[in-house]
Amino acid sequence: MKHFDAMLHVKGISIFTGDIPEPDGTLHAAVFTSPCAHGKILSLNASNAAAMAGVVKVITAEDIPGENEIGNIVMDEPLLAEKTVHFIGEPVAIVLAETRRQAYKAMNALSLEVEELQAVTDPREAARLGDLIVPPRTFSCGNTENALAECTHVIRGTAETGGQEHLYLETQSTLCTPGEGNALHITSSTQSPTFVQKITARVLGIPIHLVQVDILRLGGAFGGKEDQATPWAVMAALGTHLTGRPVKLILKRHEDLVNTGKRHPYSFDFTMGLDGHGKILAWEVDYYQNSGAVSDLSTAILERSLFHSTGSYFIPNVVATGYCCRTNLAPNTAFRGFGAPQAMFVMEAAIHKASVETGIPIEKIQRMNLLQTGDRFPYGMEYTCNEVRDSWDLAEEFSHVSYTRKAAHRFNNENRYLKKGISMMPVLFGISFTTTFLNQASALVHVYTDGSVGISTGAVEMGQGVNSRIRQVAADVFSIPVELTRVESTNTSRTANTSPTAASSAADMNGNAAAIACREIRSRLLQVAAVELNCDASNLQLKNSHVWIGKEQTSISWEEVVTTSYMSRTDLSSHAHYATPGIHFNKSTEKGNPFAYHVAGTSVTEVTVDCLLGTYKVDRVSIVHNGGNQLNPLLDRGQVEGALLQGIGWVTMEELAWDERTKRLLADTLATYKVPDIHSTPDEVNILFARGEELEEGVGLKGSKAIGEPPFMYGIGAWFAILEAMQAFNPGSFPGYQTPMTPERVLMTLTAGNRN
Ligand code: LUZ
Ligand code: MOS
């Protein structure tokens with residue numbers, strides 16, 4: 001089963017927002033943004049720009065007819081700055097011109113006079129200053145104080161994780177065209193068509209029904225278009241609203257890198273208590289989240305960190321507290337994993353430190369504490385399967401880890417400067433939006449008189465293949481070839497009130513909604529066939545593109561039953577709604593069952609470090625992943641491989657740096673921000689998909705499990721494998737529990753160790 005867009009992509013004929021032919025009269029937008037990290041606006045000089053060739057309008061906050069507010073959870077984000085700027089890249093004015101060149105030329109002629117204010121980029125400093133977006137939040141269970149008093153070992157430490165640029169291939173893009181009256185049609189590269197629709201309506205002061213958002217596909221997103229596609233779409237819509245002309249707004253790569261937020265850097269304090277055997281009895285952790293200048297999705301991301309505070313482990317006494325720290329950086333945002341990778345890194349760091357201080361092998365501590373059936377999470381939910389332990393044990397076998405360890409040991413004895421390291425990384429991820437009400441989806445299915453099927457849902461195709469999965473499910477319900485099905489663009493007038501395509505759950509939820517709609521149509525078709533065949537519809541089914549009675553195929557084909565149904569005036573369309581069953585969460589007690597299920601697996605990572613150069617190579621990653629009853633094994637494999645590499649990139653080479661004085665992003669081009677390329681992929685990636693637990697009917701998609709985010713965290717193992725290799729060269733070397741482990745950091749750490 002393939003990704004149905006593959007052929008279009010290979011031929012270069014798939015259509016992205018930027019490929020849509022521009023209607024006559026299209027204006028081009030360039031956005032003027034703050035050059036200053038924090039300051040009071042004294043004046044914006046726009047007169048030069050407004051007079052330049054081709055310029056039609058320069059839009060500022062004063063031109064906004066509705067609310068200058070695009071916040072979604074916390075209302076703290078203006079579309080265009082008014083009195084103060086809070087980060088470099090914050091939009092201040094929009095220039096509309098006849099050509100893109102003219103727009104950028106005029107935008108570059110704008111200038112802002114500001115009185116600089118103190119800029120903060122360190123989350124701990126923001127916390128000290130009391131600059132939190134919302135009050136701190138704590139998840140807890142048991143009593144850590146009592147437990148720590150009885151522990152044989154108490155391990156304390158700090159850790160830091162870096163940010164990460166999404167680097168979707170397609171930058172933020174919008175094309176907005178005017179309709180009748182105040183109606184608008186917006187094509188936006190967003191994961192959240194409904195957010196774009198809702199916030200456009202708010203900013204323009206018009207009802208939501210006047211705004212239609214339509215999306216064919218995105219060129220990648222990874223969370224970077226869950227909230228941060230919205231401002232650009234709304235700016236184009238504002239331009240159309242004010243001029244009556246189509247407006248196109250596509251960020252240049254440099255602008256996209258500077259102006260949009262990234263994965264949240266975190267800083268951690270932790271205390272872990274263990275008994276004499278290595279059993280973890282207590283876990284206290286503080287998360288200082290670098291939220292950036294406005295809230296965006298930061299509070300939801302912090303919440304997911306709290307949900308994943310114990311990683312793949314069972315710990316009876318826990319206090320996890322999170323702080324959303326407001327800093328003068330571009331608003332950090334959703335990124336594959338959504339706060340869970342940060343929580344899992346600090347957990348592994350603490351276990352590593354515990355192993356160093358107790359002398360108990362790290363894998364012994366990890367294995368001993370893994371979750372098993374019946375264990376409860378700090379948030380009260382029970383873990384009801386054994387996938388964590390089973391995948392760990394299977395991964396040991398699958399990767400031949402004890403043999404590999406011996407071989408690495410021998411290699412390390414034989415080589416002076418090349419050293420190998422190995423680590424095991426258990427991963428657990430909860431599936432569902434932690435915000436319970438978002439766990440709903442709907443679908444609209446039409447069967448046409450030739451038997452072809454058109455499906456609309458709220459899911460956004462961004463390369464992950466969600467449309468392929470939805471087609472498979474529809475084809476399965478009707479028992480027809482998948483080629484007869486088509487997934488239409490995601491359109492807010494066909495599918496309303498959609499949740500973002502996020503939280504790994506778009507296929508689960510929208511696929512289930514589509515299946516419900518298809519089953520409804522199927523039952524109407526079988527009613528018609530029952531009349532034709534003069535029998536009871538309960539004896540009939542659709543199979544192999546035919547109507548069957550019991551075990552016998554009738555002469556009525558799919559096309560015939562469709563045509564007959566139409567001729568007898570039967571509705572061949574259906575709308576359906578799906579709400580994930582059984583989930584709830586009480587925010588006042590911080591307890592509940594927030595997840596439909598969990599996804600678990602284990603990776604084993606082997607690396608070689610060149611300790612003279614500081615460079616490294618990931619030799620092999622072996623993964624045992626519980627995918628349930630897989631619907632599309634090839635797509636699943638693609639998601640695991642892609643997420644793994646993205647995870648490895650996060651902990652190894654992807655480094656964001658800001659100028660200390662100006663707070664300007666230094667990693668603002670592809671020459672200064674490095675993501676893994678083909679040369680830094682592991683030599684070998686072996687993935688074993690295990691079936692694991694059986695999901696209940698209506699949870700997951702036909703028994704398959706969500707796949708988008710969980711495998712990201714397999715990549716964390718690379719950090720610990722590199723550390724092990726470094727310490728094989730120089731046992732005293734230690735870089736601090738800090739990501740990313742760039743080659744520079746490896747080298748500096750190893751040479752610093754040599755000097756000691
Ligand atoms: N987005 C969101 C997400 O709004 N809520 C979530 O829980 C979530 N989880 C993962 C990725 N995106
Ligand atoms: Mo997301 S991090 O947009 O699932």
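Author: Val-562 is buried, with a relative accessible area of 0%; buried means under 20% relative accessible area, exposed over 50%, and partly exposed in between, found with a 1.4 Å probe and the protein chains only. This is a predicted model, in which local features need pLDDT of at least 70 and side-chain atom pairs count only at pLDDT 80 or more, while totals for chains, interfaces and linings use all residues. Residues are numbered from 1 along each chain as its sequence is written, chains are lettered from A and ligands numbered from 1 in the order in which they are written, and side-chain values use heavy atoms, with hydrogens and water left out.

Val-562 belongs to helix H16, which covers residues 558-567. Helices (H or I, at least four residues) and strands (E, at least two) are DSSP runs, numbered from the N terminus. Apart from neighbours within four places in sequence, Val-562 is in contact with Val-447, Tyr-448, Thr-449, Gly-451, Leu-525 and Leu-572, where contact means heavy atoms within 4.5 Å. Ile-521 is 41 residues from Val-562 in sequence, and the C-alpha atoms of the two are 9.9 Å apart in space.

Thr-602 sits in strand E27, residues 597-610, and it counts as buried at 0% relative accessibility. The side chains of Thr-602 and Ser-391 are joined by a polar contact of 3.0 Å. A polar contact is a pair of N or O atoms within 3.5 Å; within protein, one must be able to donate a hydrogen and the other to accept it, and residues adjacent in sequence count only if both atoms are side-chain atoms. The Thr-602 side chain also reaches the backbone nitrogen of Trp-392, at 3.3 Å. Leaving out residues up to four places away in sequence, Thr-602 touches several others, including Val-388, Ala-395, Met-424, Pro-426, Ile-623 and Tyr-714.

Next come the cores. The largest nonpolar core has 100 residues, of which Met-272, Trp-283, Tyr-287, Phe-345 and Ile-716 touch the most other members. Helix H10, residues 340-358, gives the largest share of this core, ten residues. A second, separate core of 47 residues includes Val-447, Val-477, Phe-478 and Ala-537. A nonpolar core is a set of buried Ala, Val, Leu, Ile, Met, Phe, Trp, Tyr and Cys residues joined through side-chain atoms within 4.5 Å. Val-447, listed in the second core, is also one of the residues that Val-562 contacts.
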